[in-house]
Amino acid sequence: MRTPRGKLLLVLAVVLVVAGAGWGVSTQLRSPADEAAVRKQPRPSLVTAAVERRKLVSTVVVSGTLEYGSPYPMSLAGVVGGSETAQRATRAPRRGVIAEGAVVMEVNGRPVFVFSGKVPMHRSLLPGAEGADVKQLQRALRRLGYRAPVTGVFDQATIAAVARFYARRGYEAQQPTLEMRQRSDDLRRAVQTAQEVLVTERKALDQGMDVLPLNIRLANARRDLKEARRALESARAQDHTTEDEAKVEAAESAVRTAEERLLTAERELAQANATPTPAPTSTLSPSPSAPIDPPADTRLLELRVANAGADLAAARSALKRVLEEAGIARDKRLTELEKNVRSAREAVVTAEQTLRQARQLSPIRLKVANAQRDLAAAQALLAEFSRTYGTTIPPGEIVFLPKLPARLHRATVKAGELVDKPIATVTSSTFVVSGSVDAAEAERLKTGLNATIETEAGRTVPGTVASLGGRDAKGAVPVMIAPASMKGLKKLADAPVTVRVTIGATNKEVLVVPAAAVVTAADGKARVQVETAPDQTTEVEVRTGLAADGAVEVTGDLKPGDLVVINSA
């Protein structure tokens with residue numbers, strides 16, 4: 001049974017509970033006016049951003065992978081060694097740096113060397129081969145210290161240098177195989193056999209009774225021609241014959257005798273004219289005025305002089321006539337001898353033609369012609385084979401790479417496997433970042449631009465844009481960035497990186513506003529709205545500059561800290 005005090009407390013508790021419930025209900029009840037006031041749209045406000053002064057840098061972001069550059073698949077151009085048997089790797093390629101002249105692998109125990117060159121190996125290098133690949137090999141041998149002429153011809157000097165190179169590395173240069181040696185012997189025997197057959201058939205042709213008289217006639221004609229030529233040469237060497245020489249000497253003697261007679265007669269006449277004739281003796285005493293004795297009679301002497309002169313003229317005329325007759329006789333004799341030579345020559349030609357026709361009509365002649373053709377064919381085959389016979393370089397024993405030293409990145413052939421695919425992938429020893437950007441971003445890039453490479457660990461490495469490719473199937477443009485330094489990058493090979501390529505930057509701090517704050521009016525001028533008071537703005541004309549990362553450089557009646565409107569609510 002409760003006391004009055006307890007009942008009072010119970011009543012108070014009930015009253016408090018009822019009053020609290022009423023108050024709670026009353027707070028949830030609103031009048032229509034209150035409800036309208038709550039749902040009324042708030043007053044619009046301005047979205048602004050402050051004008052800043054800072055340097056602005058425009059970049060293009062490229063996501064890529066850090067890897068070794070210039071990947072190049074290495075393949076063999078053909079067989080290794082001189083046999084066409086199955087090509088099986090007996091020593092597989094190994095990862096690491098490869099230098100010029102190194103042995104990359106072995107196939108069937110034969111080496112595969114690597115040299116620097118842009119012309120790929122595409123054939124066997126045989127003796128006498130010419131071309132850019134031969135000149136490329138010669139230059140590589142010279143770089144390695146082996147004397148080889150840079151002629152572009154795989155000659156004996158180059159073959160000797162190749163043999164020394166192989167021997168220095170513990171191998172023997174490829175020599176002719178057993179099949180090739182047998183082929184060479186067969187061709188030589190074929191030439192010898194053809195020569196023997198030709199000699200036999202020619203002997204039979206020469207000894208045939210049908211052409212023997214013609215051979216004798218030809219020999220006689222040639223002998224007559226020889227004698228005629230000898231007689232002509234002898235006659236040309238002599239001025240006169242023996243008979244003519246005697247006549248000339250007699251005529252010259254007569255001239256000399258006549259000259260002597262004339263000289264004697266002239267001397268006697270001169271003496272007679274110089275000696276006066278004595279006068280006849282008289283008994284009378286000489287008178288002082290007696291006349292001078294008349295000159296002696298010299299008519300006989302003058303007659304002798306005249307006769308001697310005439311005899312000399314006649315002797316000289318006779319000598320001239322003898323000389324003329326001797327010259328005419330010599331010319332006639334030479335003409336006759338020259339005619340004899342021509343006749344003898346014609347006889348030789350006729351005899352040769354007759355013999356040739358007889359041989360052509362002879363059955364043995366056909367055998368001789370066939371033997372000659374067989375010999376020529378055998379000699380041509382031997383000559384062609386001999387030009388390429390000797391030390392060779394099979395196409396698979398040399399691989400030319402565009403640049404050395406290089407890095408063998410991945411081997412695709414193991415020891416014991418058949419070599420029927422690319423043997424390895426080589427790269428340069430330097431790193432590059434390979435990535436791609438869309439076509440619009442690619443238009444802003446060019447080679448040589450500075451870039452910053454960022455790794456996932458936060459490390460940064462400077463670099464430059466090395467190359468831009470063409471669009472791929474998805475429209476992206478491949479980009480290759482070359483780091484400025486390779487230090488410490490080896491551990492990051494094949495790691496993803498982010499590259500920021502700088503395409504523009506201001507030289508100093510400039511005024512910067514958000515790009516969304518700049519509005520181009522109908523007059524083509526750019527303006528921004530500057531908040532001057534709460535909910536109050538004014539337009540300010542500006543000139544824009546570099547844009548980057550959503551901001552743009554502006555110049556105008558602005559200062560740092562001014563609030564420009566980005567968007568109005």
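User: How many salt bridges does a search of the whole structure find?
Analyst: This is a predicted model, in which local features need pLDDT of at least 70, side-chain atom pairs count only at pLDDT 80 or more, and totals for chains, interfaces and linings use all residues. Residues are numbered from 1 along each chain as its sequence is written, and side-chain values use heavy atoms, with hydrogens and water left out. A salt bridge is a side-chain nitrogen of Lys or Arg within 4 Å of a carboxyl oxygen of Asp or Glu. A search of the whole structure on that basis gives 14.

User: Which residue forms a salt bridge with Arg143?
Analyst: Arg143 lies in helix α3, and its partner sits in the loop between β6 (96-98) and β7 (103-107), so the pair ties together parts 43 residues apart in sequence. Helices (H or I, at least four residues) and strands (E, at least two) are DSSP runs, numbered from the N terminus. The closest N and O atoms are 2.6 Å apart, and the partner is Glu100.

User: Is Glu100 buried or exposed?
Analyst: Buried means under 20% relative accessible area, exposed over 50%, and partly exposed in between (1.4 Å probe, protein chains only). Arg143, at 49%, counts as partly exposed. Glu100 has a relative accessible area of 19%, so this residue is buried.

User: What is the relative accessible area of Asp133?
Analyst: Asp133 meets Arg123 in a salt bridge of 2.8 Å, N to O. Asp133 is in helix α3 and Arg123 in the loop between β8 and α3, so the bridge ties together parts ten residues apart in sequence. Arg123 is partly exposed at 26%. Asp133 is buried, at 2%.

User: How many residues apart are Arg316 and Glu259?
Analyst: The two side chains meet in a salt bridge, 3.1 Å from N to O. Arg316 is partly exposed at 46% relative accessibility, and Glu259 is partly exposed at 34%. Arg316 belongs to helix α8 (residues 299-361) and Glu259 to helix α7; the pair links distant parts of the chain, and the separation is 57 residues.

User: Where does Arg147 lie?
Analyst: Charged patches are made of residues with over 30% relative accessible area and no salt bridge, like charges being joined within 9 Å. Arg147 counts as exposed, at 74% relative accessibility. Its place is the loop between α3 (132-143) and α4 (156-168).

User: Which helix holds Glu249?
Analyst: Glu249 gathers with Asp239, Glu245 and Glu252 in a surface patch of negative charge. Glu249 is placed in residues 242-274, helix α7.

User: How far apart in space are Ser434 and Ala482, C-alpha to C-alpha?
Analyst: Ser434 is in strand β12 (residues 431-437). Ser434 is partly exposed, with a relative accessible area of 24%. In sequence, Ser434 and Ala482 are 48 residues apart; in space, C-alpha to C-alpha, the distance is 9.1 Å.

How values were computed:
Patches are made of residues with over 30% relative accessible area and no salt bridge: like charges are joined within 9 Å, nonpolar side chains (Val, Leu, Ile, Met, Phe, Trp, Tyr) within 5 Å. Accessible areas come from the Shrake-Rupley method with a 1.4 Å probe; for residues, only the protein chains shown count as cover. Lys and Arg count as positive and Asp and Glu as negative; His and the chain ends are not counted. The place of a charge is taken as NZ of Lys, CZ of Arg, CG of Asp or CD of Glu.
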